[in-house]
Amino acid sequence: MSINEIDSRVKELRELRRMADELAAEIESIQDSLKEQMQARGLDTLSGSDWKITWKPVTSSRMDTAALKKALPEIAERFMKSTTNRRFVLA
């Protein structure tokens with residue numbers, strides 16, 4: 001692939017990312033308006049002819065690794081696992 005082709009692909013990628021950001025903002029706006037309707041009606045589930053929306057509290061439990069490292073650093077170190085990934089960044 002020539003530098004001109006790479007340049008063209010980068011421009012295309014930037015445009016697609018811009019479009020994706022716009023779509024994400026529009027999706028979030030529509031979701032927020034639907035949540036407002038559900039909250040106003042006091043509902044956590046809405047159903048239509050071919051769709052169903054739920055907006056319910058979900059509780060999850062996660063390890064507070066910062067607190068564990070502070071309170072028991074030697075134990076935290078024993079259970080640390082390192083991973084290596086490659087990150088693609090376009091600046």
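I read the order of elements along the sequence of this predicted model and noted α-β-β-α-α. I then counted the secondary structure of the chain, which gave three helices and two strands.

Next I looked up the overall dimensions. The radius of gyration of the chain is 23 Å, whereas a compact globule of 91 residues would come out near 12 Å. Along the principal axes, I have the C-alpha atoms in a box of roughly 55 × 50 × 20 Å.

Of the 91 residues in the chain, 3% are buried. Among contacts with a separation of 6 or more, I found that 23% join residues 24 or more positions apart.

Surface and charge followed. I counted 16 positive and 15 negative side chains. The centres of these two sets lie 7 Å apart.

I placed Ala76 in helix H3, which runs over residues 73–78. Is Ala76 buried or exposed? Ala76 counts as buried, because its relative accessibility is 6% and the cut-off for buried is under 20%. Leaving out residues up to four places away in sequence, I listed Leu68 and Lys69 as the residues that Ala76 touches.

My last entry is a distance. I took the C-alpha atoms of Ala76 and Gly48 and got a separation of 49 Å. Along the chain, Ala76 and Gly48 are 28 residues apart.

Methods. Residues are numbered from 1 along each chain as its sequence is written. This is a predicted model: local features need pLDDT of at least 70, side-chain atom pairs count only at pLDDT 80 or more; totals for chains, interfaces and linings use all residues. Side-chain values use heavy atoms; hydrogens and water are left out. Helices (H or I, at least four residues) and strands (E, at least two) are DSSP runs, numbered from the N terminus. Buried means under 20% relative accessible area, exposed over 50%, partly exposed in between (1.4 Å probe, protein chains only). Contact means heavy atoms within 4.5 Å. The radius of gyration is taken over C-alpha atoms; the globule rule is 2.2 Å times the number of residues to the power 0.38. Lys and Arg count as positive and Asp and Glu as negative; His and the chain ends are not counted. The place of a charge is taken as NZ of Lys, CZ of Arg, CG of Asp or CD of Glu.
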